[in-house]
Amino acid sequence: MGAILAPAEDNLEAFWVHAVNAARLNPAEAVMGQDDFLSLRPPHFSYGETAEEADVFCAAVLAGSVRQIHTDEMRADADATDVDENAEAEGATAQQPRLEQPRAGDLAIVCDGAGIPRALIVTERVQVLPDNGVTEYINVLYPRKLRR
């Protein structure tokens with residue numbers, strides 16, 4: 001099983017610029033100028049302990065079978081964050097632990113096991129659970145699935 005590779009900065013930047021335009025997140029930018037929301041690239045992550053697990057998770061996000069990510073607890077240290085999503089990559093861990101509680105409207109770039117950016121997601125809703133867990137409900141902004 002291979003290790004998850006870190007994405008190259010130029011790949012992340014190129015993906016971000018393309019995703020912003022393709023998802024039409026910047027329609028008023030030409031008239032009103034760039035705002036802070038779109039000027040900063042969102043964080044990126046890969047889910048899994050291996051490249052293979054990250055690939056499975058990424059494919060499930062792109063297929064639309066992952067719509068929520070459950071984190072057992074929010075941590076204030078640098079330990080890996082346990083993730084229990086509703087896909088085949090069950091039991092995977094986040095490559096980069098989140099130190100802050102997610103919020104609705106947060107964007108993130110999902111990378112595969114080779115470190116290639118594959119999807120831009122948004123957190124649509126956050127549910128804080130009584131056991132200190134958090135469930136993020138996500139939606140893929142880019143690439144959008146073609147509707148038939």
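Trainee: OK, so a salt bridge is a side-chain nitrogen of Lys or Arg within 4 Å of a carboxyl oxygen of Asp or Glu. Which residues are linked in a network of salt bridges here?

Mentor: That network links E9, E13 and R41. Keep in mind that this is a predicted model. In the E9 to R41 bridge, the closest N and O atoms are 2.7 Å apart. That pair links distant parts of the chain, with E9 in helix 1 and R41 in the loop between helix 3 and strand 1, 32 residues apart.

Trainee: How many salt bridges are there in the whole structure?

Mentor: A search finds four. Among them is the one between R103 and D106, at 3.6 Å from N to O. D112 and R118 also meet in one, at 2.9 Å.

Trainee: Is D112 buried or exposed?

Mentor: D112 is buried, because its relative accessibility is 9% and the cut-off for buried is under 20%.

Trainee: Switching to rings: how many aromatic pairs does the structure hold?

Mentor: Four. One of them is Y47 with F57, an edge-to-face pair with 4.3 Å between the centres and 75 degrees between the planes. Y47 lies in the loop between strand 1 and helix 4 while F57 is in helix 4, so the pair ties together parts that are ten residues apart in sequence. Both Y47 and F57 are buried, and together with F45 they form one aromatic cluster.

Trainee: What sits over the ring of Y137?

Mentor: The charged end of R125 does, 3.9 Å from the ring centre. R125 turns up elsewhere too: its C-alpha atom is 5.0 Å from that of A104, although the two are 21 residues apart along the chain.

Trainee: Where is A104 found?

Mentor: In the loop between strand 3 and strand 4. A104 counts as exposed, at 54% relative accessibility. Not counting residues up to four places away in sequence, A104 touches T123, E124 and V126.

Trainee: And T135, what is it in contact with?

Mentor: Leaving aside neighbours within four places in sequence, T135 contacts Q68, I69, H70, R125, V126, Q127 and L129. T135 lies in strand 6, and it is buried, with a relative accessible area of 6%.

Trainee: Last one: where does pLDDT stay under 50?

Mentor: Over residues 75-95. For that stretch the model has 61 contacts beyond four places in sequence. Where pLDDT is low, though, the predicted coordinates should not be read in detail. For the protein, the mean pLDDT is 79, and 72% of the residues reach 70 or more.

Methods:
Residues are numbered from 1 along each chain as its sequence is written. This is a predicted model: local features need pLDDT of at least 70, side-chain atom pairs count only at pLDDT 80 or more; totals for chains, interfaces and linings use all residues. Side-chain values use heavy atoms; hydrogens and water are left out. Rings of Phe, Tyr and Trp (its six-membered ring) pair if their centres lie within 6.5 Å; planes under 30 degrees apart count as stacked, over 60 as edge-to-face and the rest as tilted. Helices (H or I, at least four residues) and strands (E, at least two) are DSSP runs, numbered from the N terminus. Buried means under 20% relative accessible area, exposed over 50%, partly exposed in between (1.4 Å probe, protein chains only). A charge sits over a ring if NZ of Lys or CZ of Arg is within 6 Å of the ring centre and within 35 degrees of the ring normal. pLDDT is the predictor's confidence in each residue, from 0 to 100. Contact means heavy atoms within 4.5 Å.
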